[in-house]
Amino acid sequence: MATDNAGEAVTDGLKLVGFNNFVRTNPKSDRFNVKRFHHVEFWSTDATNVARRFSWGLGMPIVAKSDLSTGNYIHASYLLRSGNLNFVFSAPYSTTISDSTATTTAAIPTFDAATCNSFTASHGIAVRAVAVEVDDAEAAFNTSVEHGAKPVSKPILLDNRVTLSEINLYGDVVLRYISYANPIHVSDPNPSNWFLPGFEAETSYPDLDYGIRNLDHAVGNVPDLSAAVNYVKSFTGFHEFAEFTADDIGTSESGLNSLVLANNTETVLLPMNEPVYGTKRKSQIQTYLEHNEGAGLQHLALTSEDIFKTLKEMRKRSYIGGFEFMPSPPPTYYANLKNRAGDVLSDEQIKECEKLGILVDRDDQGTLLQIFTKPLGDRPTVFIEIIQRVGCLLKDEEGKVYQKGGCGGFGKGNFSELFKSIEEYEKTLEAKRVAA
Ligand SMILES: [Fe+2]
């Protein structure tokens, strides 16, 4: 990273704003230490096809597997990895076969075929688990349950070194705690060490990389925001992230209320949305709740180290096995962008944003570049957001520069743009339904 004489840093063609020491309220109230997002698991009825589609669409190579070829007769699971982001895609095998084996061969010990089958029948392709790494998955589970969390899977010790437990997050989605007895070496080539015992390295797939690096936030849609927030807050101790605490985000236009919960280090961000009723058009959160048959995970925001590169690669594949994006905002949006973000983005970069349909927003600390895919599967439910955060650079105790969590916000100022594009998309669906 280069630094110019004004103390501002430049990386990957994006000019970063200077250090900002503005401190938001952070009571550091976690009940147990939550280190980071560890992985996200999707359930479907065919993991092979879904994993390959996501691998190609997002530029995340399939790096490990646990399936029939590794001796797993319960579920097929494929692990995709790009930077620190891990996605797992799982599906059940025949219950006639799995029920006939005396001992479980499942690599994910909490996997249950009947639960997965009813989950996919109810939700389609959807996120089953948001996993976070904690110091001790047994203690995290016990503390959570003591503070009102609904238990899903009691702690299980795997291979005497990995502990896994699950509690209910919202709907049928679980918050999975995972802990390791020994520090994991990220460079360890064996996924059985750095991920879960029973996963074997997969080396046949191409080494795709479009620049995606981290999970920034995982958002849930719920029917009742205050009940959901109070529930998660009470057993995790997470605090309300300042941006959405005091104000409502343009209810009449967006049709939702939203609030972000964060851990002590603000690296695990869990926003939640609820629908708002009585608006001109039905809230898209309500549409989600109907199509998903209840609460569930709405979107995953993935951080790119170079959003222009990521978008170029993803858009190339939109119609050949990848993901499509929501319609881009009108040209007037980009005409105004110079006034809104001309101090952070060059004219060239603003042009690039327009070409790729990237939205830009800011908060009091930094700038957010964001774009949303269309729904990932058949139903208008789960989707992905690609983001790059610019600014909010701080120094830790050792003098190492890091970026503050949630820098640039979550696109509050873009909500009206997002909902305009979602509503336009929904109108086209409605027109088809009327015509049919
Ligand atoms: Fe988001």
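This is a predicted model: local features need pLDDT of at least 70, side-chain atom pairs count only at pLDDT 80 or more; totals for chains, interfaces and linings use all residues.

Trainee: Of the contacts with a separation of 6 or more, what percentage comes from residues 24 or more positions apart?
Mentor: A contact means heavy atoms within 4.5 Å. Among contacts in the protein with a separation of 6 or more, the share from residues 24 or more positions apart is 67%.

Trainee: Which residues are the protein donors of the iron ion?
Mentor: The donor atoms lie 2.0 to 2.2 Å from the iron ion. In sequence, the donor residues follow the spacing H-x81-H-x85-E. Their names, with the donor atoms, are His217 (NE2), His299 (NE2) and Glu385 (OE).

Trainee: How many residues apart are His217 and Glu385?
Mentor: His217 belongs to strand E13 (residues 212–221), and Glu385 to strand E20 (residues 383–391). Both His217 and Glu385 are buried. The pair links distant parts of the chain, with a separation of 168 residues.

Trainee: Which element gives the largest share of the lining of the second largest pocket?
Mentor: The second largest pocket holds about 230 Å³ of space. Two elements give two or more residues to its lining, namely helix H8 (284–291) and helix H12 (415–435). The largest share, four residues, comes from H12.

Trainee: How many residues of that lining are charged?
Mentor: The lining includes Lys282, Glu290 and Arg433. Its residues divide into two nonpolar and two polar, while the number of charged residues is five.

Trainee: Is Ser153 buried or exposed?
Mentor: Ser153 lies in strand E9 (residues 151–158). Leaving aside residues up to four places away in sequence, Ser153 touches Thr110, Phe141, Ser165 and Glu166. Because its relative accessible area is 13%, Ser153 is buried.

Trainee: Is Asn160 buried or exposed?
Mentor: Asn160 sits in the loop between E9 and strand E10 (162–170). Its phi is positive, near 60°, in a residue other than glycine. Because its relative accessibility is 67%, Asn160 counts as exposed.

Trainee: What is the relative accessibility of Glu293?
Mentor: Glu293 is found in the loop between H8 and strand E17 (296–304). Although Glu293 is not a glycine, its phi is positive, about 55°. The cut-off for exposed is over 50%. Glu293 counts as exposed because its relative accessibility is 51%.

Trainee: Which elements do the buried residues of H3 pack against?
Mentor: In helix H3 (residues 113–123), the buried residues are Ala113, Cys116, Phe119, Thr120, Ser122 and His123. They pack against strand E4 (34–43), strand E7 (85–92), helix H2 (95–100), strand E8 (126–134) and H8.

Trainee: Which residue with a positive phi follows H3?
Mentor: The phi of this residue is near 75°. The residue that follows H3 is Gly124.

How values were computed. Residues are numbered from 1 along each chain as its sequence is written. Side-chain values use heavy atoms; hydrogens and water are left out. On a 1 Å grid over the protein atoms alone, a cavity is a set of points where a 1.4 Å probe fits but cannot get out, and a pocket is an open set with protein on both sides within 12 Å along at least five of seven lines; lining residues have an atom within 4 Å of a point. Grid points are joined across faces, edges and corners, and a volume is the space filled by probe spheres set on the points. Ala, Val, Leu, Ile, Met, Phe, Trp, Tyr, Cys and Pro count as nonpolar, Asp, Glu, Lys and Arg as charged, and the others, Gly among them, as polar. Donors are N, O and S atoms within 2.8 Å of the metal (3.2 Å for Na, K and Ca); water is not among the atoms, so sites may look incomplete. Buried means under 20% relative accessible area, exposed over 50%, partly exposed in between (1.4 Å probe, protein chains only).
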